[in-house]
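Here is a short report on a predicted model. Have the sequence and the structure side by side as you read.

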Amino acid sequence: MRLPLFLKQLLKMFFFVLLQGLVFSHIALWGVATPYIFIYFILTLPTDVGRNQLLLWGFFAGLFLDMISNTPGIYTSATLLLSFVRPRLLKLCTTFEEVDAYVPSSKNMGLSSFVEYLIISIFLFVLVLLGVGQMGQFTIGIYLRDVLASGLLTFGLLYIFHWSLDI
Amino acid sequence: MRHLIQFLIRNNHWFLFLLLELVALLLMVRFNRYHEGLFFTSANHVTGKLYEVSSGVTGYLHLQEENKILLEQNMLLHSKLEKLSASTIDSTLLASVAENSPISSKDTIIAAKVINNNLTQSQNFLTINRGSVDGVRDEMAVMGPGGVVGVVYKTGKHFSIVLPILNIKSNISCKVKRTDYFGILRWDGKSSRTAKLYDLPLHTQVELGDSIVTSGYSSIFPESCNIGTVNQIDRSVDGLSIILTVKLSCNFAILNHIIVLGRYDTKEIKALESSIE
């Protein structure tokens, strides 16, 4: 692991987590749709980051966000799960081997593969996050509505993000 | 055995994953015990500072909403203040109206505010902020601090239009207070401070400065409500009557709070009058 790359990713993590915790977590369109854009950081980590390292990135990003938003463990568990399944999702959506080094993007993977990867990851994340978050007062209707709304909004925003900023 | 160990080593990220999930789970469960989880919340110094900075920035984002709330509160307070000041003015107004006109305790008294006032046309009207729901009816008397203002002309649900003395359509039966000679008060459309009292006989005993009051010959105004004072005495063009120029005691230019007076005996008088016709 080269240090400058590590620092760059650390800054990227702080940037996304702060953006999420201070801005996007406060959005609730129609009271149901909250965009979870910070997972873009996990989704676009280069594939040569090792599995254990990926888990640590996910863990600390989630932990940091939990600290900001007073939700101990909730973001952590969902982000951790996302970073755990990410290598498998990439394998599922692309023809690349696990050893190939690339940054997941529409440029590298092709648009349809990237969108597929994005949608599956986002909905998996939102399903887990809201499932854990609403544990105390779980109602299936509200849960599915929130998952759908937040998932679609997150996808829409990340799609625009990806095209306009290419971070 | 070797295979198993190899398998475990190859998939060591499973253990890391499970371990970290366990930590997350512990955080979740332990949060309820207040002090233990404190570090992992915004109560710690770093995130606390972070929020301080953030709220300094995001505070501006809610300005519009806060503005709206403040405005609404302001309006609420304003209306409360208005009601309060209206009630205090009422008592002074009532005193001054009572001074200028005899009000029976059975009469209906409604305090109102002039919200639209015009002096520049020949047919001026006032709008007041009380209507039928407040008890205002057509042809009720309207009094200001100085004396008679006019008559309720049209009553809406919450607002009414008043036909003031300063309208050429206005006809009010008046008399010279000292000698009881009576005539009809009309406005000539010229000055907002004066009106004319017509149809007084030539032998009327009147002097400059005499008080003019309502005659009480209509069902609208009670007797001897203050109108004004005699300013000028003229003969009519045909020479058959006297015309008095009356300086109105009510200053219409600064008219603000008024009282609507409904006489308790209006109905009876009207019924009696119409039975003759």
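Start in chain A, with helix H7. What covers them?

The length of H7(A) can be checked. The helix has 25 residues, 140-164. At 1.5 Å a residue, H7(A) should span 36 Å, and its end C-alpha atoms are 36 Å apart, so the two values agree.

| Helix | Residues |
|---|---|
| H7(A) | 140-164 |

Now turn to chain B. Its secondary structure comes to five helices and twelve strands. Of its 277 residues, 27% are buried. Take the contacts in chain B between residues at least 6 apart in sequence: 58% of these join residues at least 24 apart.

Six strands of chain B form a closed barrel. The order is S6-S7-S8-S11-S10-S9, and the pairing is antiparallel. From one strand to the next, the twist averages 40°. In general, strands of a sheet pair through backbone hydrogen bonds, either parallel or antiparallel.

One pair in chain B shows the detail. Strand S9(B) covers residues 211-214, and strand S10(B) covers residues 226-235. Three bridges link S9(B) and S10(B) in the antiparallel sense. Which residue of S10(B) stands opposite Ser211(B)? That residue is Thr229(B).

Notes: Residues are numbered from 1 along each chain as its sequence is written. Chains are lettered from A and ligands numbered from 1 in the order in which they are written. This is a predicted model: local features need pLDDT of at least 70, side-chain atom pairs count only at pLDDT 80 or more; totals for chains, interfaces and linings use all residues. Two strands pair if DSSP finds at least two bridges between them. Helices (H or I, at least four residues) and strands (E, at least two) are DSSP runs, numbered from the N terminus. Axes are lines fitted to C-alpha atoms, for helices over the stretch in contact, and angles run from 0 to 180 degrees between N-to-C directions. A residue is buried if 20 or more other C-beta atoms lie within 10 Å of its own, exposed if 12 or fewer, and partly exposed in between; C-beta atoms are placed from the backbone. Two residues are in contact if their C-beta atoms, placed from the backbone, lie within 7 Å. The expected span of a helix is 1.5 Å times one less than its number of residues.
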